[in-house]
Amino acid sequence: MISYKDAGVNIEEGYKAVTLMKNYTVKTYTKGVLNGIGSFAGMFELGAGYKNPVLVSGTDGVGTKLQIAISLNKFDSIGIDCVAMCVNDILCHGAKPLFFLDYIACGKLDAIIASDIVKGVSEGCIQSGAALIGGETAEMPGMYNIGDYDVAGFALGIVEKDKIIDGSEIADGDVLIGVASSGVHSNGFSLVRKLVTNYDEKLGEKTLGEILLEPTRIYVSTISSVMKDFSIKGMAHITGGGFYENIPRMFKGDFTAIINKNSYELPEIFKYLMNKGVAEEQMYNTFNMGIGMVLAVDKSIAKEVLNALNALNEKAYEIGYVQAGGEGVCLK
């Protein structure tokens with residue numbers, strides 16, 4: 001007789017993983033959660049108070065940053081990355097995250113590693129105010145090698161229809177505010193892993209491994225607070241494609257984002273990577289270059305928005321402006 005375990009899938013380890021994960025998921029529950037982990041589907045009640053609500057969704061993964069986590073056997077923060085990549089995207093349209101679902105795939109399940117990943121997911125959900133109401137852990141021998149993991153997620157948020165941020169009000173002369181990233185975040189790691197061969201190498205007081213595994217910053221709390229007092233015309237989450245691809249995504253018309261590269265201090269990790277032989281244009285087309293979010297605001301309120309963000313412990317800078325005509329990004 002042959003069992004499922006003989007085929008490479010350990011159901012008992014899966015049960016253990018779910019038990020451990022529950023310790024973290026319950027910490028994220030908000031008043032809208034109607035059932036716990038273990039049901040066939042998660043249920044979430046919107047509740048009263050919305051006039052014309054629009055649901056906003058986003059899905060993303062951690063990418064090959066996971067390879068560094070695997071190399072260093074450190075899995076307790078990459079779940080934050082997974083949440084951040086999703087909730088920062090839906091934030092760009094003014095949405096408040098409601099709940100999150102995660103997906104973990106592996107070749108051979110280790111309950112401790114899986115629960116460490118969910119520990120990070122839980123922390124990311126707490127930071128963003130989202131409830132972790134479900135997910136899937138898939139053990140797939142033959143599809144993944146033993147020791148390999150993949151992590152992805154899905155976020156659902158809500159915004160009143162008349163409060164949607166879609167870039168339609170962006171105009172010539174609007175100011176672009178850059179909000180600092182916490183590092184490389186979760187994009188460009190296929191290139192990073194070609195450039196960095198020793199994760200124990202020191203860069204300042206930390207190792208490269210520590211710097212590269214720094215979790216993606218979650219901007220939901222601070223930027224949502226600023227949105228209550230100021231009109232934000234557009235937002236761009238600087239992910240894969242860097243400045244060149246992401247900033248124009250907030251434009252509805254033909255505009256050019258004029259960016260002053262010297263308006264903020266470039267973090268050392270990006271200087272290090274560029275010194276490995278990557279052209280500057282390629283750097284700005286791959287990485288966030290120290291800016292995780294870009295906001296477009298009317299120039300009359302730009303200083304107030306900057307002050308509000310900095311008062312909330314974000315590092316925010318006036319990095320450029322919007323110019324009518326053309327399309328894309330111009331770095332000066």
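Predicted model: local features only at pLDDT ≥ 70, side-chain atom pairs only at ≥ 80, totals over all residues.
Visitor: Is L46 buried, partly exposed or exposed?

Guide: L46 sits in the loop between α1 (11-25) and β1 (53-61). Buried means under 20% relative accessible area and exposed means over 50%. L46 has 39% relative accessibility, so L46 counts as partly exposed.

Visitor: How far apart are the end C-alpha atoms of residues 54-159?

Guide: UniProt, in an unreviewed entry, places the feature "domain: PurM-like N-terminal" at residues 54-159. This span is 38% helix and 37% strand. Its end C-alpha atoms are separated by 5 Å.

Visitor: Which parts does the salt bridge between D81 and K65 tie together?

Guide: The closest N and O atoms of D81 and K65 are 2.9 Å apart. Both D81 and K65 are buried, because each has a relative accessible area of 0%. D81 lies in α3 (residues 78-91) and K65 in α2 (residues 65-72), so the pair, 16 residues apart in sequence, ties together helices α3 and α2.

Visitor: With which residue does K261 form a salt bridge?

Guide: K261 is in the loop between β9 (255-259) and α9 (268-274), and its partner, 19 residues apart, is in helix α10 (residues 280-284). K261 is partly exposed at 22% relative accessible area. The closest N and O atoms of the pair are 2.8 Å apart, and the partner is E280.

Definitions and conventions: Residues numbered from 1 in each chain as written. Heavy atoms only, no water. Helix = DSSP H or I, 4+ residues; strand = E, 2+ residues; numbered from the N terminus. Buried < 20%, exposed > 50% of the residue type's maximum accessible area, 1.4 Å probe, protein only. UniProt positions renumbered as here; feature names shortened; annotations may be inferred. Salt bridge = Lys/Arg side-chain N within 4 Å of Asp/Glu carboxyl O.
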